[in-house]
Amino acid sequence: MSAERTYFILYALVVAYLCGHFAAYLLFFRHRGRLSTERSVFRYHFVSACLLSLAAILGVIRNPGDAAIATAIGVIFAHGIYSLSFLELWTLSQISYSREILLLAKLRGQFAKNAPPPELTRVGDSKKNDRFESLCRLKLLRHDGEVIKLTLPGRLIGNTLRAIAWLAHLKATG
Amino acid sequence: MWLLAVIVFFAAALLAHAITCRLPIPGNSVIRFLTVGSALGGGLIAVLLYRYGVSAQLLAGVMLYAFACELYIFLFTLAMSSVSANLLVNLATHDMTQAEVDRRYDSASMVSNRIERLIVTGLLKETGQVIRPTAKGLRLLSAFDALRRFFGHMNPGDSRQS
């Protein structure tokens, strides 16, 4: 069997593995509360990506060469595309603030622009508090007396997002 | 060489996006990036095909480029719409007190900013001082509900609500 054919078979196996990972979520985890939090869904994907990366690295060690390295990188990023798409859709469908506004506009038919319904303000308050607590829990923020400061990882992420916002010419964020 | 080609084409996609976002042309940031990213992705495939043919290097290059593009779209939409991202961006420029945070992230202004954005994107319509959902907004809401059902996020009352 040619080397190229072997690598294409490996890709087919990885696609089958990702389909299996998705099927396991659909059949065993979706409605049973086992993967009901952002953290548990992230862990489900992270562990799988680590296992696949390990297998890819072992494959390169056993059979070194340019095509083997390319295949290892390719399959790791194929998992990355799958996981990122999944996590984006999962999070968007769970916590979207825009959805709450659209839903309320649909249920009420209309509302006044200068006096939005109090439900929306309450949702805004709870989202703000949730996000603030999450950032503290993830150790991206810290309180220094009255002042709120970024930790080193927080500053790194904040500056990266700032650079991206500049690149995409975003005038207002948040 | 294939890895270098991916880096060069992705950097070119970022540069092209930065330029198109500053030009007075129609389309939001995501559409603009999809346009330039797809064109440069096509160029990358052509270069890799010419150099390697249908090979492991071609597939790896496509996977890496697609992942980088998806991650970039995720990050700039996050920077655009996430409260957490906005707080991190603001704190990266200067420290804030709790009172400043409360003032800047006042719920009423957060709601009005979000409503404004939904009007700009054509999901809500403003008639006088009254806000109504558009057909596009209702379609998006149905898509959200389908996703919520799929991922099992529906609460007992959700199906009645929407």
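**Sheet and helices across the chains**

Author: Let's begin with an open sheet of three strands, in the order E2(A)-E3(A)-E1(B), with antiparallel pairing. Strands (E, at least two residues) and helices (H or I, at least four) are DSSP runs numbered from the N terminus, and two strands pair if DSSP finds at least two bridges between them. This is a predicted model, where local features need pLDDT of at least 70, side-chain atom pairs count only at pLDDT 80 or more, and totals for chains, interfaces and linings use all residues. Residues are numbered from 1 along each chain as its sequence is written, while chains are lettered from A and ligands numbered from 1 in the order in which they are written.

Reader: How many bridges join E2(A) to E3(A)?

Author: E2 covers residues 141-144 of chain A and runs antiparallel to E3(A). Within the pair, A:His143 stands opposite A:Ile148. The number of bridges joining E2(A) to E3(A) is four.

Reader: And which residue takes a positive phi in that hairpin?

Author: The hairpin of E2(A) and E3(A) has two residues between the strands. The positive phi, near 65°, belongs to A:Gly145.

Reader: Where does E1(A) pair, then, and what stands opposite A:Ala112?

Author: E1(A) pairs with strand E3 (residues 130-133) of chain B, in the antiparallel sense over two bridges.

Reader: At what angle do H4(A) and H7(B) pack?

Author: Two packed helices are described by the angle between their axes and the distance between the axes. Axes here are lines fitted to C-alpha atoms, for helices over the stretch in contact, and angles run from 0 to 180 degrees between N-to-C directions. The axes of H4(A) and H7(B) are 10 Å apart, and the angle is about 120°.

Reader: Which element gives the largest share of the side of chain A that touches chain B?

Author: Two residues are in contact if their C-beta atoms, placed from the backbone, lie within 7 Å. The contact takes 68 residues from chain A and 67 from chain B. With 16 residues, the largest share of chain A's side comes from H3(A).

Reader: Which element of chain A has the lowest mean pLDDT?

Author: pLDDT is the predictor's confidence in each residue, from 0 to 100. Chain A averages 86, and its highest-scoring element is helix H6, with a mean of 93. The lowest mean, 76, belongs to strand E1 (residues 111-112) of chain A.
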